[in-house]
2 protein chains.
Amino acid sequence: RAPMQTLEFFVSAPGKVILHGEHSVVHGQVALAVSLNLRTFLQLQSTSSGEVHINLPNIDTFLSWEITALQSLLAGCKDADLLKRLREFTRISEDSTDTRSMAVLAFLYMYLSVFAESLASITVSVWSELPTGAGLGSSAAYNVCLSAALLSARGNISNPLTPQQESARWSKEEMELINRWAFMGEKIIHGNPSGVDNAVGTWGGFLRYHAGNISPLSWVPVLRILLTNTKVPRSTKVLVSGVKDKINKFPSVLKPVLESVSAVSCVCEQTLTEMAERGPSAEHYNILEELIDINQHHLNVMGVGHSSLDTLCRVTLARGLHSKLTGAGGGGCGITLLRPETDTSVIQSTVEELKACGFDCWETSIGAPGVQQHSSAALSQHILKILSSY
Amino acid sequence: RAPMQTLEFFVSAPGKVILHGEHSVVHGQVALAVSLNLRTFLQLQSTSSGEVHINLPNIDTFLSWEITALQSLLAGCKDADLLKRLREFTRISEDSTDTRSMAVLAFLYMYLSVFAESLASITVSVWSELPTGAGLGSSAAYNVCLSAALLSARGNISNPLTPQQESARWSKEEMELINRWAFMGEKIIHGNPSGVDNAVGTWGGFLRYHAGNISPLSWVPVLRILLTNTKVPRSTKVLVSGVKDKINKFPSVLKPVLESVSAVSCVCEQTLTEMAERGPSAEHYNILEELIDINQHHLNVMGVGHSSLDTLCRVTLARGLHSKLTGAGGGGCGITLLRPETDTSVIQSTVEELKACGFDCWETSIGAPGVQQHSSAALSQHILKILSSY
């Protein structure tokens, strides 16, 4: 391995939403997860400070450590012990689930594991467009960025960006490595993650998830959407167990509904494939809209709807736009499909009305690329300014 | 048969709503039809006028015929020709579906068929609490009343009311006869009716309807409801064919939904039976509410919802009350379950808000008795006044 040279680069990874199949995926049915083009951006700089810096302005966290102190942590440490030593070193207790602590732990674990015997002075700054704790895969986007940046900096994978390019992707094999390390970070943060979020952050596009198997769909279109965060707090655990209770209470009523959701995912997958192969038509969008409506009704049957989500559906439908909750439901986030011909003025007035309801709302897209390396030219001034201010 | 004596009596029959299974019943699934305690009242008086009078104040129809003229119609007439002769006589064309014409035709057909060779001078006045053309079985309630009154007046069935009683029912065999004649009236009015509406009008209570078989549930509770007519006009034919198209478009998605609706009907039937056997509990009402919500979502999946029905559901849910459309959907009527403990003030404010939305709204019940004979003491002054003013 070549010794690390002075370098600076940027990477980004997308968030994720569940397009179809939330909840029923828990009961063995097919789900479609998809990249959300609200991205997390990371800047990595090599320095000669003899220190490691991490800056996470979203969560107001700015920390640094002496390389020598970290080096001594590694002395005689087996892989299995590293996390335990790190918890002692950072004084983060075993049962902590606090966002800041988890982010720091995942960073230090990945940094020490990847660089191991030759720790380098680096400064890592991360900024995300994604809200945290909203079921949008913000931790996975963070872990994918960390994994890609640290592996590249260490030379375990290439720096795919050539001087002429603004953005570039890694090879399939390199992405598999990025995904594996990101999954480690997810395990540190979440304990027992499904692996869907980091897969979406890595591969982007649409992924089919069924009975533990994750498979990317090849050739899918990018679809414009509104993402709305109702900001109604919810507990995924409580919602998931509520659905389970309902299935046990009315099995003959609920089991066909789970089947129907699975069929919605499959018809959607088929439609997306057709859109990519033959080019999208108005009828394709009609089908996508019908499927969104059907699934939203099914999620209401499962008992994971919420009046705030009904409001989202009503406000958007009044303008001919179709919405469904995404993720756990009971509040949380919803997505609204925009058609290619949907007018900017319609989008603006919809966003305004949703904001007037107290919601956060973004115009963005789904199906965008996964993890990428960028030159500074590829990034907006806004993001560059945030990342380079540390 | 005894010659008819001078008499005056009253009969009434309930309307109907579909509690569960509308639309999916067309595709071979189980439905539950139930009597609606908005009733049609009939007064029959024997007279010596030598005329037959029919008074239908709801549809502003007041007609009379000379017995002798009607008698000549019957001369040498075979059963199969009677309807044709009646159309000529009343100048109602073959393709007429106008409510007044159909009501008159059904009356004259039933009167002439039942009395046959010994036509009697009678005056029949009918008044209904049911709106017409709203899918609430108003024509069946009319036909059941006509059938019961004419058969009783002719002596083909008993007059079950004893002097001490306010209301009385006929025997099972007599009700079967009433139902058969009412079905003839339904055929004249609707061409090809399912027979469910006249069965509900005759038997009352709850009926299970599956693949053409109609079976009354024994021992069911009477449930308080609000009945709301959104007054949004809809075409049953268009809605039914829309559901069919949707099933053909997305069979894998829609077929499980039809199954789930069937299961809703069956769980509901089971719950009603338990309520009658063990006495109703709060948990029984919880289940009935959950089933109403689930079915309403399923009907939305089938594409037969409407924003007016969403409004009904939202307005009632804001007060903890659960609603679903009943019948064809796309507007039309909805039912809202009231719990035994639901406060009068809550009901009143709900009714007021629904009326403010432009809807008609009645506090009534489902599961009430079918056709009955009444003394004048059993009827409200309001109804007596209307019926006896002709």
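Contact here means heavy atoms within 4.5 Å. The model is predicted, so local features need pLDDT of at least 70 and side-chain atom pairs pLDDT 80 or more, while totals for chains, interfaces and linings use all residues. Residues are numbered from 1 along each chain as its sequence is written, chains are lettered from A in the order in which they are written, and side-chain values use heavy atoms, leaving out hydrogens and water.

**View 1. B:Phe107 and its neighbours.** Skipping residues up to four places away in sequence, B:Phe107 touches B:Val52, B:His53, B:Ile54, B:Trp65, B:Val124, B:Tyr142 and B:Leu146.

**View 2. The largest nonpolar core.** A nonpolar core is a set of buried Ala, Val, Leu, Ile, Met, Phe, Trp, Tyr and Cys residues joined through side-chain atoms within 4.5 Å. Buried means under 20% relative accessible area (1.4 Å probe, protein chains only). The largest one has 110 residues, and B:Leu44, B:Phe107 and B:Tyr111 have the most contacts inside it. Helix H3 of chain B (residues 99-115) gives the most to this core, 13 residues; helices are DSSP runs (H or I, at least four residues), numbered from the N terminus.

**View 3. A stacked pair in chain A.** Rings of Phe, Tyr and Trp (its six-membered ring) pair if their centres lie within 6.5 Å; planes under 30 degrees apart count as stacked, over 60 as edge-to-face and the rest as tilted. A:Phe107 and A:Tyr111 are stacked because their ring centres are 6.0 Å apart and their planes at 15°. Both A:Phe107 and A:Tyr111 are buried.

**View 4. A tilted pair in chain B.** B:Tyr111 and B:Phe115 sit 5.1 Å centre to centre, with 40° between the planes, a tilted pair.

Methods
Buried < 20%, exposed > 50% of the residue type's maximum accessible area, 1.4 Å probe, protein only. Helix = DSSP H or I, 4+ residues; strand = E, 2+ residues; numbered from the N terminus.
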